[in-house]
Amino acid sequence: MNIKLFNVALGIVLTATTISASAQKSYTQGAITLTTDMRGNAVTIKDYFTTDSTSMSFTTGPATIKILADSKGKFFAVLVDVPVASIKKAAVYTPDEIDQMTAAFPKFTYAPSTETKQISGFNCKKVVATDTKTSKTYDVWITNDITLPENGFAKYYAGIGGIPIQYTSFNQGQEASVTVTGITDEKAPAGAFAIAADFDKISLDDLKAMSGGN
């Protein structure tokens, strides 16, 4: 399993559905398609969402990874499915593990700019986000064309004033550039937000052991 790609996706799921205001179209459920760059390769991630749940999935090598979370930050799970190795594992985070993960995220202040451009058909404006922990700055392009449910549980761009369309994600000290390429009202397939019965439930430590300790 490409643990670096997993970490990138983990960071994305925590920002993909931040709430916005003053929008033209409001979604209560649907699917967000995102792209990120990993070692020069474009990776596509699909995130189904409702008002209370999110289910993000992507493929890396022979493995399909799914990340499940609720809107209140009380539930988080990573599902690993590797058919060629007959592996179906679901790591369910404990409340302490969720708290530790979110505590490591950046804390931002925001400075809106006058710069605008279109990204993936969305009218966007640039906001400069400054991490108060490191003083490092990041350009975040947001839109007010739409609203989404307040979903995920570590919205480090909460309060930015719109939906992040092009931004930097963070997880375990890793950063990645992310672009939202589309948002639709497509309904999630059956079982998208649940752990199927044929998955073995494991701990976060077990998941790290599968990934070589990362």
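pLDDT is the predictor's confidence in each residue, from 0 to 100. This model is predicted, and its chain averages a pLDDT of 85. Of the residues, 84% score at least 70.

**Stop 1: the whole chain**

Colour by pLDDT to begin. Select residues 16-23: here the pLDDT is below 50. Beyond near neighbours in sequence, this stretch still has 36 contacts in the model.

Now switch to a cartoon view. The chain holds three helices and 14 strands. Its length is 214 residues, and buried residues make up 50% of them. Take the contacts between residues at least 6 apart in sequence: 57% of these join residues at least 24 apart.

**Stop 2: Phe76 and Tyr93**

Next, the aromatic rings. A pair of aromatic rings is described by the distance of the centres and the angle of the planes. The count comes to 10 aromatic pairs in this model. Select Phe76 and Tyr93. Their ring centres are 5.0 Å apart and their planes stand at 70°. Planes over 60 degrees apart count as edge-to-face, so this pair is edge-to-face.

Where does each partner of the pair lie? Phe76 is in strand E6, residues 76-82. Tyr93 is in the loop between strand E7 (87-92) and helix H2 (95-103). The two are 17 residues apart, and the pair links distant parts of the chain.

Check the burial of both. Phe76 has 0% relative accessibility and counts as buried. Tyr93 is buried too, with a relative accessible area of 8%. The cut-off for buried is under 20%.

**Stop 3: Phe108 and Phe170**

Move to Phe108 and Phe170. Their ring centres lie 5.9 Å apart, with the planes at 50°, so the pair is tilted. Phe108 belongs to strand E8 (residues 108-119), and Phe170 to strand E12 (residues 163-171). The pair therefore ties together parts that are 62 residues apart in sequence.

Keep both selected and widen the view.

**Stop 4: lysines over rings**

Select Lys117 and Trp141. The charged end of Lys117 sits over the ring of Trp141, at 4.5 Å from its centre. Then go to Lys25 and Tyr27. Lys25 lies over the face of Tyr27, 4.9 Å from the ring centre.

**Stop 5**

Finish with the backbone. Most residues other than glycine have a negative phi. Which way does phi of Ser86 go, positive or negative? Ser86 is not a glycine, yet its phi is positive, about 55°. Find Ser86 in the loop between E6 and E7. With 69% relative accessibility, Ser86 counts as exposed, because the cut-off for exposed is over 50%.

Then select Ser120. Its phi is near 55°, again a positive value in a residue other than glycine. Ser120 lies in the loop between E8 and strand E9 (122-131). Its relative accessible area is 36%, so Ser120 is partly exposed.

Methods
Residues numbered from 1 in each chain as written. Predicted model: local features only at pLDDT ≥ 70, side-chain atom pairs only at ≥ 80, totals over all residues. Heavy atoms only, no water. Phe/Tyr/Trp six-rings, centres within 6.5 Å; stacked < 30°, edge-to-face > 60°. Helix = DSSP H or I, 4+ residues; strand = E, 2+ residues; numbered from the N terminus. Buried < 20%, exposed > 50% of the residue type's maximum accessible area, 1.4 Å probe, protein only. Lys NZ or Arg CZ within 6 Å of the ring centre and 35° of its normal. Contact = heavy atoms within 4.5 Å.
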